[in-house]
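Have the model open while you read, and start with the strands.

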Amino acid sequence: MRHWGMASCALWCAIALGAAGGPEHDLLDPEQAFRLSAGMPDPRTIEVRYRVAEGYYLYKARLAFSTDNPAVRLGAPQLPAGEWHEDEFFGRSEIYRGEVTIRIPLDGQAAGRFTLIAVSQGCADVGVCYLPLTQRALLFPARPGGKQSQKP
C-alpha cells in the first residue's frame with residue numbers, strides 16, 4: 001500500500017511538471033483520453049469498452065469495477081492480455097492502447113437499472129500520468145433478444 005502512496009506523489013509531480021511545461025504538449029482531459037462506454041449484451045454480462053486516444057495508455061492493473069447497487073454483484077472482470085511497457089512510475093506494467101473490451105459477468109441477474117462505476121488510471125506517452133479516473137455508466141439489463149446500452 002505504501003508503494004501506491006509514493007507512486008501517487010510521483011504522479012502529482014508529473015502532472016504539475018507537465019502543466020508547467022507549457023503548450024508544447026496539449027494534453028487531453030482524462031475523459032477524452034480514456035473514453036468509456038458500457039452495455040449489457042445479455043442480462044448476466046456487462047461489456048465495458050475503453051477507447052484510448054493515440055499517444056495514451058491505460059494500466060491493466062489499475063482497472064476496478066463496482067456498482068451503486070449492492071444487489072448487483074459483479075464477477076471477476078475478464079481482462080484481455082495487454083502489451084508490456086517499461087514505465088518510470090510503475091516499472092514493468094501491462095497496458096492497453098487503442099480499444100479494449102472487458103466483459104464482467106454478474107453473479108445472478110440484474111433486475112433493474114443500475115450504475116456501473118469504473119475506475120482507471122493511465123498516462124500520456126509524453127511522460128505525464130493522470131490521477132485515477134472514476135467514470136459512471138447507467139445500465140439497463142438486456143431483454144432476451146435485445147442489447148441494451150448505457151445512458152450517460
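**Notes on the predicted model**

1. Let's begin with the open sheet: three strands make it up, ordered β4-β8-β11 and paired antiparallel. Strands here are DSSP runs of E with at least two residues, numbered from the N terminus, and two of them pair if DSSP finds at least two bridges between them. The edges belong to β4 (64-67) and β11 (133-139), which have a single partner strand each, so one side of each is left without a neighbour in the sheet. On average, neighbouring strands in this sheet are turned by 20° against each other, direction ignored; the axes behind that angle are lines fitted to C-alpha atoms, and angles run from 0 to 180 degrees between N-to-C directions.

2. A word on where the values come from. This is a predicted model, in which local features need pLDDT of at least 70 and side-chain atom pairs count only at pLDDT 80 or more, while totals for chains, interfaces and linings use all residues. Residues are numbered from 1 along each chain as its sequence is written, and side-chain values use heavy atoms, with hydrogens and water left out.

3. Back to the sheet for a moment. How many bridges join β8 to β11? Seven, with β8 covering residues 114-120 and the two strands running antiparallel.

4. Now the cysteines. The count comes to one disulfide, taking a disulfide as a pair of cysteine sulfur atoms within 2.5 Å. C123 and C129 are the partners, with S to S at 1.8 Å. The torsion about their S-S bond is about 95°, so this disulfide is right-handed. Are the two cysteines buried or exposed? C123 is buried at a relative accessible area of 0%, and C129 is buried too, at 1%. (Buried means under 20% relative accessible area, exposed over 50%, and partly exposed in between, with a 1.4 Å probe and protein chains only.)

5. On to the aromatics. A pair of aromatic rings is described by the distance of the centres and the angle of the planes. Five aromatic pairs turn up in the whole structure; rings of Phe, Tyr and Trp (its six-membered ring) pair if their centres lie within 6.5 Å, and planes under 30 degrees apart count as stacked, over 60 as edge-to-face and the rest as tilted. One of the pairs is F34 with Y130, edge-to-face at 5.6 Å centre to centre and 90° between the planes. That pair links distant parts of the chain: F34 is in strand β1 (residues 34-42), Y130 is in the loop between β10 (128-129) and β11, and they are 96 residues apart. Both are buried, F34 at 1% and Y130 at 10%.

6. Y59 and F90 make another edge-to-face pair, 4.8 Å centre to centre with 90° between the planes. Here Y59 belongs to strand β3 (residues 56-59) and F90 to the loop between β5 (83-87) and β6 (91-96), 31 residues apart. Y59 is buried at 2%, as is F90 at 14%. Going back to F34 and Y130, these two form one aromatic cluster with Y56.

7. Please look at Q121 as well, in the loop between β8 and β9 (122-124). Q121 is buried, with a relative accessible area of 2%. Its side chain makes a polar contact of 2.7 Å with that of R62, and a polar atom of the Q121 side chain lies 3.0 Å from the backbone oxygen of Y130. (A polar contact is a pair of N or O atoms within 3.5 Å; within protein, one must be able to donate a hydrogen and the other to accept it, and residues adjacent in sequence count only if both atoms are side-chain atoms.)

8. Last, the charges. The whole structure has seven salt bridges, each a side-chain nitrogen of Lys or Arg within 4 Å of a carboxyl oxygen of Asp or Glu. E47 bridges to R103, with the closest N and O atoms 2.9 Å apart. That connects strand β2 (residues 45-52), which holds E47, to strand β7 (residues 99-105), which holds R103, 56 residues apart. E47 also meets R49 in a salt bridge at 3.8 Å, N to O. E47 is buried at 16%, whereas R49 at 24% is partly exposed. E47, R49, R51, E99 and R103 are linked in a network of salt bridges.

Key: Helix = DSSP H or I, 4+ residues; strand = E, 2+ residues; numbered from the N terminus.
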